[in-house]
Amino acid sequence: MGTRRDRRDRGVRGPLAWPRVPVMTTRRDRFDELVLDAAEGLEHRLGTPLGLELAVEEVPPSDPAPWEHDVALGRLFPSEAGMPARLVVYRRPVLHRAADEAELGELVTEVVVEQVARMLGRDPEDLV
């Protein structure tokens with residue numbers, strides 16, 4: 001048996017952009033990088049690891065926490081049963097509130113700082 005070819009006998013198409021270039025980075029991946037950069041920057045300012053897991057979800061759950069009056073941008077789940085604390089940033093609400101890339105980076109940093117400050121029992125202004 002011969003190799004499989006398309007109807008014009010040109011062969012199978014290859015990737016459009018190879019090797020991996022920035023064009024191949026998705027918006028979701030760039031958002032994930034913003035969250036990681038915000039957490040790493042905060043760790044650098046504090047001088048100690050945060051000791052929590054980071055996660056990004058599309059939207060918050062439909063049942064808000066009792067203290068949340070508006071759509072949540074992020075949520076901190078405390079550590080329990082040997083599991084580390086978990087910080088979740090909700091991508092869609094954050095993207096909806098940001099006008100451009102610069103504002104998006106600032107908003108992601110603000111959400112991460114606010115949730116970590118809640119975890120540490122400190123004022124968010126002290127961490128900036």
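Visitor: Which residues have the most contacts inside the largest nonpolar core?

Guide: First, the ground rules. This is a predicted model, where local features need pLDDT of at least 70, side-chain atom pairs count only at pLDDT 80 or more, and totals for chains, interfaces and linings use all residues. Residues are numbered from 1 along each chain as its sequence is written, and side-chain values use heavy atoms, with hydrogens and water left out.

Guide: In soluble globular proteins, nonpolar side chains tend to be buried together. Here the largest such core has 23 residues, and Val94, Val108 and Val112 have the most contacts inside it. A core joins buried (under 20% relative accessible area, 1.4 Å probe, protein chains only) Ala, Val, Leu, Ile, Met, Phe, Trp, Tyr and Cys through side-chain atoms within 4.5 Å.

Visitor: Which elements give two or more residues to this core?

Guide: Helix H1 (27–46), strand S3 (85–90) and helix H3 (101–120) do. H3 gives the most, eight residues. Helices (H or I, at least four residues) and strands (E, at least two) are DSSP runs, numbered from the N terminus.

Visitor: What does Val108 touch, beyond residues up to four places away in sequence?

Guide: Phe31, Leu34, Val35, Ala38 and Val94. Contact means heavy atoms within 4.5 Å.

Visitor: How do the axes of H1 and H3 cross?

Guide: Two packed helices are described by the angle and the distance between their axes. The axes of H1 and H3 come within 9 Å and cross at roughly 50°. Among the contact residues are Leu42 of H1 and Val116 of H3.

Notes. Buried means under 20% relative accessible area, exposed over 50%, partly exposed in between (1.4 Å probe, protein chains only). Axes are lines fitted to C-alpha atoms, for helices over the stretch in contact, and angles run from 0 to 180 degrees between N-to-C directions.
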